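Hi there,

I'm passing a structure on to you, as promised. Please open it and take a look around before you read my notes below.

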Amino acid sequence: MAEDIILELQGITKIFPGVRALNNVHFQLRRGEVHALMGENGAGKSTFIKVITGVHAPEEGHIYFNGEEVHFKSTLDASALGIAAVYQHPTSYDDLTVTENIFIGHEIIKNGIIQWRQMNKEAEALLARLHANFKVTEEMGALSVAQQQMVEIAKALSTNAKIIILDEPTAALTANESEELYQIVDQLKAEGVSIIFISHRMEDMYRLAQRVTVFRDSQYIGTYDVDQITEAELIKAMVGREISDMFPKPEVTPGKEIFRLENLSRTGYFKDICMNVRAGEIVGLTGLVGAGRTEVMEAACGITKANSGKVFLDGKELRIKQPVDAMKAGLILLPEDRRTQGLIQTWGLGRNVTLPIQEELAHRGFNDEKEERQLAKKYLEDVDTKAVSIFDLASTLSGGNQQKVVVAKALAQKSMKVVIMDEPTKGVDVGAKAEIYSIMGDLALQGYGIVLISSEMPETLGMCDRIYVMCKGRITGCLDRSEATQEKILELAMEQSQKEV
Amino acid sequence: MKEKSLWKKITGSREVSLVIVLIVLLAAVQTLSPSFLTATNIAQIFRNNALTMLMALGMLCVMLTGGIDISITSTLAFSGMTIGLLQKYDILHNTFLLFLIGAVIGLICGSINGMIVAKGKVAPIICTMGFMYIWRGMAYVISNNAWASGQDVAGFSDFGKDGAIGPYIILIIAYIIFFVVMKWTKFGRQIYAVGSNKEAAAISGINVKKTITSVYAIMGMLAGLAGVLSVSIYASAQPNMQYGKEMDVIAACVIGGVSMSGGRGTVVGTFLGALIIAIIAKALPLVGISSIAQNFVKGVIILAVVVLNVITQRTMDKQNLSRREI
Amino acid sequence: MAGKSGREISATPKGGITKILSWEGALILVFIAVIILGKSISPNYTLNNVLREMQKYLPEIFMMFGMGFILVLGDIDISVGSIVCLCATLTCIAANAGVPFILAALLCILIGTCCGMLNGFLATKFTELPTMIITLGTQIIFRGIAEMSLGSGGSVSYKNSKDIAVLAKKIGPFPISFFLVIILGVVMITVLSRTTFGRKLYAIGSNKTASYYAGIKVQRTRFLCYTILGTLAGLCALFLLSALYGANTTTGQGFEMEVIAMCVFGGIATTGGKGNLIGGLIAAFIIVCLRIALGQINMNTQLILVIIGAMLIVSVLIPQIKNALMPKKQKV
């Protein structure tokens with residue numbers, strides 16, 4: 001039924017200098033359907049979306065909208081047809097109000113003057129449709145990530161979008177907020193809007209989509225009905241091989257206590273945090289986004305300052321004034337945001353890996369470049385980084401590989417006893433995820449203590465010996481591997497009020 | 001989200017804080033010297049700071065995009081010198097045309113600045129530093145060791161002489177135009193958008209390069225106008241006119257709440273910032289601080305204002321944190 | 001822990017020597033061109049003459065090294081010209097009041113150091129403030145203090161000119177300040193390119209956050225660099241006094257821009273994390289020798305500045321033009 005198809009792309013090829021980002025890919029969107037687009041990082045999904053929205057023009061191929069061929073010269077052409085995208089990285093203006101963010105590019109203007117009153121009214125109506133709980137006069141920067149996303153969706157709706165594209169919409173949302181988003185998507189679908197979304201999360205796909213298209217290595221692999229393909233088949237399509245053992249958790253008998261937090265508190269962020277880790281243990285720290293997990297670990301490692309409480313490493317109390325104190329004692333943190341906190345993107349891999357240890361290797365203040373090169377090579381190889389040379393720039397590596405470099409950087413610090421991994425597999429494709437879990441398992445076998453901060457249930461349940469759950473700045477419980485289930489974790493992670501339904 | 005209390009709204013708005021500071025300041029000065037708030041004095045304040053106030057509008061636009069322009073006084077000198085020489089050598093005496101030519105010279109200088117920043121992707125501080133030398137040098141080159149004296153520009157200087165309303169009219173018109181444009185036109189909002197998030201602006205379809213080039217062009221035009229105005233007010237034109245005064249303009253904007261990273265700042269705030277600095281300068285002698293200490297005090301005030309800003313923000317953040325239920 | 005795939009990663013540095021030195025190489029060519037130009041347009045362009053006239057420009061180059069550190073950090077300092085003014089002024093006044101020369105000289109450097117420490121203190125305690133604003137404020141304050149010290153006269157002369165003339169002495173045709181530039185240059189260049197301290201500067205300038213997470217003491221490093229720049233400004237003031245024999249309210253005006261221009265022309269980006277002092281040093285000599293050459297043919301001083309301004313802009317446009325003509329391979 002050709003009239004059912006609102007958008008079709010055939011034979012799309014997109015070439016950037018030296019790189020073929022899309023190679024003869026096809027895609028078909030039916031009217032009123034929710035269609036998932038999945039694939040590993042670097043498979044070409046983001047580029048593809050940019051072709052649909054008119055950011056990039058393809059070198060080859062055809063785009064058909066409602067059966068007619070179209071050529072987009074700019075994003076304005078695409079948005080004129082009713083194609084709107086909500087991106088993963090905020091494309092919002094923090095200093096401007098919600099109304100302005102919604103209407104930027106298509107303000108309501110009469111005689112050259114912006115009609116603020118009318119715009120505010122329409123913005124309010126849009127927000128009401130999405131059941132938003134904030135005002136249109138708020139500054140975008142004051143809103144939470146979930147709220148900002150709602151504004152972005154409102155922006156798409158304000159242009160009477162017929163096709164809305166969501167790029168990793170649940171990546172930064174809590175379980176509750178994700179549920180709200182699902183309802184919004186349902187509602188939009190009921191109103192006749194067609195939706196494409198990119199996500200790494202299977203739950204999103206199963207919950208929302210009717211069909212799923214898979215890209216791999218810039219190529220089109222296939223389109224499948226969601227209720228007719230198994231997860232294993234889907235992963236195989238995405239990765240090209242079978243991932244047999246997703247969570248290679250080795251059996252390790254935990255040694256003695258190696259890391260302990262005693263009543264750690266920081267005003268406004270967390271209170272009375274008590275937890276411990278034994279050698280060889282992988283301890284999970286989970287909870288909803290905003291529960292304070294990263295804040296706890298950053299305070300323990302000296303990145304920020306706790307107001308009270310104690311940190312113990314190997315039985316000894318640590319006096320930490322700056323990050324380097326924690327690092328020297330053996331407490332290593334792999335930060336949440338590998339792009340801005342974990343690595344220097346404009347540097348080579350080698351220099352990144354040896355940055356924390358350059359003083360150790362130096363002779364009277366002078367760098368020992370040869371020694372640094374050898375060490376960097378060793379550790380980068382140990383974690384199986386996909387790179388050609390230690391001089392490759394960090395920015396040229398995929399998310400998963402960059403995470404491996406961050407791990408190599410931690411391993412290079414010989415004093416390391418405890419390693420804290422904050423969302424290590426966020427934004428990492430399936431293949432690389434498995435490799436990171438494998439590295440984690442190896443570390444446990446070697447007797448290191450590992451803290452895994454994660455928002456992903458499968459990962460937490462699959463890799464951890466014990467799981468601490470946080471809610472609104474406090475530890476609400478600790479579950480042993482044998483008794484932990486998704487429901488129990490959620491129960492502990494949610495606020496009291498939300499449970500009384 | 002909780003409703004913001006009235007107190008929060010008052011202290012949250014930079015403009016309101018500035019008005020409060022202004023009122024306190026005027027009250028303090030008025031008590032120390034009861035004859036301060038006279039019409040003549042007020043008029044003098046505006047006249048002596050007309051150039052800074054005029055150029056601050058341009059600097060506001062430039063800083064809103066996250067940029068800066070330190071070549072403004074050089075452009076001013078180039079334009080002013082040209083105007084002075086045109087009269088000195090009896091080529092042109094028509095007031096209106098002289099203003100027009102000055103503005104056009106400034107517009108061209110500013111556009112060149114803007115194109116190199118926008119298309120050449122050169123850091124604004126570097127680009128405008130280079131042109132600071134170039135335009136000032138041009139002012140010297142065309143003057144060829146001559147300068148325009150009061151006699152040369154007689155007649156023209158009537159426009160800006162003591163008591164004439166010309167300069168005030170220009171200021172008022174400029175501020176009204178910019179107030180409307182920045183708040184009520186698409187172009188104005190695009191400037192804010194570009195400064196707030198350049199990438200998002202590009203994706204939204206805003207021509208970022210054109211916007212950036214425009215703000216520098218506008219700045220240049222205002223500097224050119226200021227150059228002509230300067231010749232009229234001070235009845236002379238030399239190549240070293242207003243040397244070093246670009247910092248005053250930047251200071252006015254900073255005190256007025258314009259953020260150097262872009263996206264934040266208003267016409268009202270800029271006006272208040274410039275006014276506050278102007279009043280402090282005028283009030284210092286009345287408080288017994290000799291004019292020689294003026295610059296020192298100006299510098300201390302600038303630092304005090306920005307540091308106070310930081311401390312206030314930090315205190316507010318701390319309070320917000322302690323209020324969170326953990 | 002062996003890598004599961006056994007993949008090998010190369011650790012051999014590429015023949016990067018030619019690439020690293022390409023900007024410096026170009027600068028050397030420009031320098032040679034300037035010398036040739038000078039010789040061809042002015043008969044007085046001899047080594048002796050040039051060195052003699054260089055004496056009043058050399059002190060600024062001391063500051064260029066310190067500014068290079070600051071720019072690599074990603075910060076900026078536009079108050080150095082005012083620091084020079086303040087140091088020169090107070091030293092003159094002290095010396096005229098009877099303070100012995102050696103002490104006065106030490107005082108000069110000490111004042112500069114203190115000014116630098118103030119900048120550093122403000123920059124590190126109030127990290128929310130852009131360093132442009134901080135040093136804008138201190139620029140006005142330092143010069144303001146000098147103005148107050150000078151009183152209504154606005155200027156002061158160094159009475160015991162014989163003392164200060166010591167610094168203007170020469171060894172052969174080379175002034176002492178020339179040797180100081182070379183020695184200082186070798187030290188600063190080595191520190192920046194070969195020491196852990198220097199590497200920290202590049203790290204902070206490239207990504208402050210990641211550097212902090214990696215254990216680098218970011219604020220302490222920044223404080224040190226501002227202090228060093230202040231000290232060098234004091235040194236500059238001292239040698240400037242030996243050339244000018246006095247100070248006034250306009251002493252040092254514009255120095256910060258000239259010094260920044262030397263750094264940028266030498267390849268150091270104001271955004272931080274890039275460039276080195278070798279380029280800065282060559283660029284400094286290019287600018288100085290060019291100024292002397294054009295000055296000898298009596299070109300208008302301002303026109304010379306126009307040329308330097310134009311050179312500065314062209315030098316930053318060249319990499320952009322190169323990028324536009326030959327786009328680099330990039331993984332998307």
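Predicted model: local features only at pLDDT ≥ 70, side-chain atom pairs only at ≥ 80, totals over all residues.

The biggest contributor is helix α8 of chain B, residues 166–184, which supplies five residues. Phe179(B) sits in helix α8 of chain B, and its relative accessibility of 37% makes it partly exposed. In general, an α-helix has 3.6 residues a turn, so residues three or four places apart point the same way.

Another helix of chain B is worth a visit: α13, residues 267–283. It has 17 residues and spans 24 Å from its first C-alpha to its last, close to the 24 Å expected at 1.5 Å a residue. Of those 17 residues, 13 are buried, so α13(B) is largely enclosed by the rest of the structure.

Now over to chain A, where His35(A) lies in strand β3, residues 34–38. Is His35(A) buried or exposed? It is buried, because its relative accessible area is 0%, under the 20% cut-off. The side chain of His35(A) makes a polar contact with the side chain of Thr213(A), at 2.6 Å. Setting aside neighbours within four places in sequence, His35(A) also touches a number of other residues, among them Phe27(A), Leu29(A), Ile196(A), Phe197(A), Arg211(A) and Thr223(A).

How values were computed:
Residues numbered from 1 in each chain as written. Chains lettered and ligands numbered in written order. Heavy atoms only, no water. Helix = DSSP H or I, 4+ residues; strand = E, 2+ residues; numbered from the N terminus. Buried < 20%, exposed > 50% of the residue type's maximum accessible area, 1.4 Å probe, protein only. Polar contact = N/O pair within 3.5 Å; in protein donor to acceptor, adjacent residues only side chain to side chain. Contact = heavy atoms within 4.5 Å. Expected span 1.5 Å × (residues − 1).
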